[in-house]
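Here is a short tour of a protein model for you to follow with the sequence and the 3D view side by side. Keep both open as you read.

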Amino acid sequence: MADGEHAEAFHAELLRRRERGELPAVREIVPAARTVLLDGIHGIDDRTGERMPGARERFARDLASWRVDPPQREGREPVEIPVVYDGPDLDEVAALWGVPAGEVAALHSRTAFRVAFCGFAPGFGYLTGLPERLHVPRRTTPRTRVPAGAVALAGPYTGVYPRPSPGGWQIVGRMPDPGTLWDPAREPAALLAPGTPVRFVAVGAGNGGAGALPAPRAGDFPAGRARAGDSPAGDSPTGDSPMGDSPVGDSPVGS
């Protein structure tokens, strides 16, 4: 697909058609940066149990004739994520943006973000929204360990690491309580599902529990995301996940 917006629109159209019973049986629908993976399509009618020879081929031909409208971004309340903006790459990002380090928090937290897709690790969302002039390359040398809760930038994306891992993104801050990003006991387990609006809230390093992340509300999740088979966690293949877009990749993003 041409870009992330086309992928988002196509993903939404697939979910709508599945709800209306217009898709063949499919195990997973997984959005990514520029593709949407449909995994487990089989030629069996779920209502009758009868085999439908050539169902996948007919479906592939039908896709070419679909009219896919631009994504409809309804006015859901954003998930608010508190951030202490004291990351080790804050000065470098400020220099790339051409602003004092103290203005990074203001610019970043004023941005309306949206989860474009998930991947890399359960609970990791790739958030878009930063204007092109604020895109930054990943670090020349990735870190062997990035702590859970690190808020980082690379190319057009912002991400929050749900658990410790290697990573090459530019770290500008930290989320005080990253455990809410991924909770297997919650349904859905991932807080940041594709399509979720997100707002970062700057909090002070000495504020303790100030800005604690509220429990997710039902309205924070797009329709259908609580269903099994939508892979919001990012723990199954996305279909394109280039290393240049991965937090652990060692090639620059957007450079």
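**Briefing: fold, cores and salt bridges**

Residues 24 or more positions apart account for 66% of the contacts in the protein with a separation of 6 or more, where contact means heavy atoms within 4.5 Å. Please keep in mind that this is a predicted model, in which local features need pLDDT of at least 70 and side-chain atom pairs count only at pLDDT 80 or more, while totals for chains, interfaces and linings use all residues. Residues are numbered from 1 along each chain as its sequence is written, and side-chain values use heavy atoms, with hydrogens and water left out.

**Overall make-up**

- The protein has 4 helices and 11 strands; these are DSSP runs numbered from the N terminus, helices being H or I with at least four residues and strands being E with at least two.
- Of its 255 residues, 49% count as buried. Buried means under 20% relative accessible area, exposed means over 50%, and partly exposed lies in between (1.4 Å probe, protein chains only).

**Strand pairing around β11**

- Strand β11 (residues 197-202) pairs with strand β3 (residues 79-83) in the parallel sense, over 5 bridges. Strands pair if DSSP finds at least two bridges between them.
- To find this pairing in the view, look for V83, whose bridge partner in β11 is A202.
- Strand β4 (residues 113-118) also joins β11, this time running antiparallel with 2 bridges. Here F113 has V198 as its bridge partner.

**Nonpolar cores**

- The largest nonpolar core has 29 residues, and those touching the most other members are I81, W97, V104, V172, L192, V198 and F200. A nonpolar core is a set of buried Ala, Val, Leu, Ile, Met, Phe, Trp, Tyr and Cys residues joined through side-chain atoms within 4.5 Å.
- Two or more residues each come from β3, α3 (90-97), α4 (104-109), β4, β7 (150-154) and β11.
- Helix α3 gives the most to this core, with 4 residues.
- A second, separate core holds 12 residues, including F117, Y126, Y157 and Y161.

**Helix α3 up close**

- Which residues of α3 are buried? They are L90, V93, A94 and W97.
- Seen down the axis of α3, these buried residues fall within an arc of 100 degrees, so they line one face of the helix. The arc is that of the directions from the helix axis to the C-beta atoms.
- On the face turned away from the buried side, α3 carries the exposed residues D91 and A95.
- The buried residues of α3 pack against α4, β7 and β10 (170-174).
- Just after α3, G98 takes a positive phi of about 75 degrees.

**Salt bridges**

- The count comes to 4 salt bridges, each being a side-chain nitrogen of Lys or Arg within 4 Å of a carboxyl oxygen of Asp or Glu.
- One of them joins D86 and R174, with the closest N and O atoms 2.9 Å apart. This pair links distant parts of the chain, 88 residues apart: D86 sits in the loop between β3 and α3, and R174 in strand β10.
- D86 is partly exposed at 38% relative accessibility, and R174 is partly exposed at 36%.
- Another joins R139 and D89 (3.1 Å, N to O). R139 lies in the loop between β5 (125-128) and β6 (143-146), and D89 in the loop between β3 and α3, 50 residues apart.
- R139 is partly exposed at 22%, whereas D89 is buried at 2%.
- D89 also forms a salt bridge with R143, with the closest N and O atoms 2.9 Å apart. D89 lies in the loop between β3 and α3 and R143 in strand β6, so this pair ties together parts that are 54 residues apart in sequence.
- Both D89 and R143 are buried.
- Through shared partners, salt bridges join D89, R139 and R143 into one network.

**A loop residue to look at: A148**

- A148 is in the loop between β6 and β7 and is partly exposed, with a relative accessible area of 29%.
- The C-alpha atoms of A148 and Y161 are separated by 5.2 Å, and the two residues are 13 apart along the chain.
- Not counting residues up to four places away in sequence, A148 touches Y161, P162, R163, P164 and P178.
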